[in-house]
Amino acid sequence: MNGSVATVGRDVGRILQALGGLVVVTLLVALVWGEFWAAPALVVSAAVPLVLGRLLWTRYREAEDPGMLHGMMVAALGWFAVGVFGALPFLLLAWTVRIDPAVLAAPDGTATLSAFTNPLNAVFESMSGFTGTGLTMTDDEEVLPRTLQWWRTFSEWVGGVGVIVLTTAILSRPGSGSLTLYESEARSEKIHPSVVSTVRTIWWIFVLFTFVSILTLWLAGMPIWEAINHAMTGLATGGFSVTDNSIATYDSATIDFALLPVMLLGSIAFPVHYLMLRGDLRNLYADLQTRWVFLYMGGGSALLVAFLHATGPYDTVFGAIRFGLFQFVSAATCTGFQTASPPATISLGDWPAQAQLTVTFAMVVGGAAGSTAGGIKLIRGLTLAKGIRYRIAEVFYPDSAVRRLHIDGRILDEEAASREFMEAAIITLLWVAFLVVGVFTLLLTLPAGEFTLENVLFEIASAQGNVGLSTGITGPESLPTPSKVTFLFHMWIGRLEIVPVLVTLRAVFKRGGMYE
Amino acid sequence: MTLGDLPVVSALADAGPDDRVFDALLLAGPSVVLLVAVAGRSLVTEAVAGVYLAALIGHVCYLWLRGRD
């Protein structure tokens, strides 16, 4: 037990140090925007995780390298710690404005900022940001200080790639179990033999694509500050916005269509990006997941457009295509940008039930494994489909037949096929089970009769898939405290694909003597 | 001493796909965004942003065509 505490404590300490560094970067943004009143709160917000992380690191620096159990616990506890300590800028800035010390000359308070004086709202926003969910406790993002607008964006940008990937890239030690930690953060793909080289290349690609996305959105007509923020959250498939009505604020078809490739880039696996940047564009159709990203987005969007056009929310075919295509891609890539919202058009929550359920399905499946997208992941869906076909076809072969399962260019024997099928089935089953539990919890805690079942299902799928689309349930006032806690849990397990959280909870309860 | 010998530049070059054009685009990215932010929207800044995007897309296409030969 002591060995586990030491290993986990040391690596969670490294993650906290990285988090402190992120807040220091945000301090520079506050200074650039002239929000000097925010500096003391940010200094404290940086110092707390830095000092705590340093203490953990110093105390346990000689700990053993992490095994699989440690890796999962580091991922689960590290992400939880980042969610909690990442809330400090929200909480402390809100209280700075509330207390209004004369020496700082803080601006007048707003209801939006004031919501973050409640620690639970601050943790909700932070967890939503780092997990790339995008559900928010703000009523009007436009009135937030620039510093907090940036912190929300920055948390999603970093969280999209992963806090462990960040920590490994900047604080890694050779041969220190980086691979175990890397794999525990819902990643398995490698670009280079070395994990450290792989994560550095991932960041290289991500930064280049961020500049490309910023300039694309700016050329489409977005003001530069908004282009920077939306490019970062769009590429990270996070979905936080700096405008009150997400992308619907612009009511611009050009901006809607400019965001599609940004979100799609985020939903394609980084190794595929790497190969494409080396001129190997074959992977757009040769790679199983990437091919299905386009097939699934195309087919799902067509279905949604058909529902929207047939059932009437949009009078024109162009309107149905514009909003249907954007919302399906936004959901399936797990971004959560919203165009189906006033003033552009009617709200998602008012769409017909079949259209809402189509978007819900997109959120559950998600994008490619190894990308920034959430959900069950396309490769698992494909493995399940192929595995089911394989099992059914088995009946038609003689017992002596030697059969192989082909997945993504790999040829799997019976044992390997069973293992992959089981892994995909377990994750999917857990995903659906927690979805159902979340729906029941929300139905019990929300005011009776205020929201429909499809609204509730949609919102839980959005939280667990780290999407962020909302039918209007999520808000600082509209969401009761037990529901906020439920959403926090779903965002957390969704980002880590459930298993690491369950392993951690089991380890904590078992070792803590809760059960034997 | 060349530009590539600078610590930040060499670290960035080592992390990427070993291509000078992409390395140059990555290094130029902050400057282009800063230019756009400071100078605002004009024909010149739009042209600079457009050239940046065209260079990236064009270079990917060039590498693809070269690889097919």
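**Helix packing and chain contact in a predicted model**

Helix α16 (residues 317–332) of chain A packs against helix α17 (residues 353–365) of chain A at an angle of about 30°, and their axes lie 7 Å apart. Axes are lines fitted to C-alpha atoms, for helices over the stretch in contact, and angles run from 0 to 180 degrees between N-to-C directions. α16(A) and α17(A) are therefore roughly parallel to each other; angles under 35 degrees count as roughly parallel, over 145 as roughly antiparallel, 65 to 115 as roughly perpendicular and the rest as oblique. The structure is a predicted model, in which local features need pLDDT of at least 70 and side-chain atom pairs count only at pLDDT 80 or more, whereas totals for chains, interfaces and linings use all residues. Residues are numbered from 1 along each chain as its sequence is written, while chains are lettered from A and ligands numbered from 1 in the order in which they are written.

On the α16(A) side, Gln327(A), Phe328(A), Ala331(A) and Ala332(A) meet Val359(A), Ala362(A), Met363(A) and Val365(A) of α17(A). Two residues are in contact if their C-beta atoms, placed from the backbone, lie within 7 Å. The contact of α16(A) with α17(A) comprises seven nonpolar residues, one polar and no charged. Here Ala, Val, Leu, Ile, Met, Phe, Trp, Tyr, Cys and Pro count as nonpolar, Asp, Glu, Lys and Arg as charged, and the others, Gly among them, as polar.

A second pair is formed by helix α3 (residues 68–85) and helix α6 (residues 119–130) of chain A, which pack at an angle of about 130° with their axes 7 Å apart. That angle makes α3(A) oblique to α6(A). Trp79(A), Val82(A), Gly83(A) and Val84(A) of α3(A) make the contact with Val123(A), Ser126(A), Met127(A) and Phe130(A) of α6(A). Six nonpolar, two polar and no charged residues are found in the contact of α3(A) with α6(A).

Chain A as a whole has 22 helices and two strands; helices (H or I, at least four residues) and strands (E, at least two) are DSSP runs, numbered from the N terminus. The C-alpha trace of chain A spans about 85 × 65 × 50 Å along its principal axes.

The contact between the chains takes 20 residues from chain A and 23 residues from chain B. On the side of chain A that touches chain B, α10 (195–219) and α13 (270–277) each supply at least two residues. The largest share of that side, twelve residues, comes from α10(A). By class, the side of chain A that touches chain B has 14 nonpolar, three polar and three charged residues.
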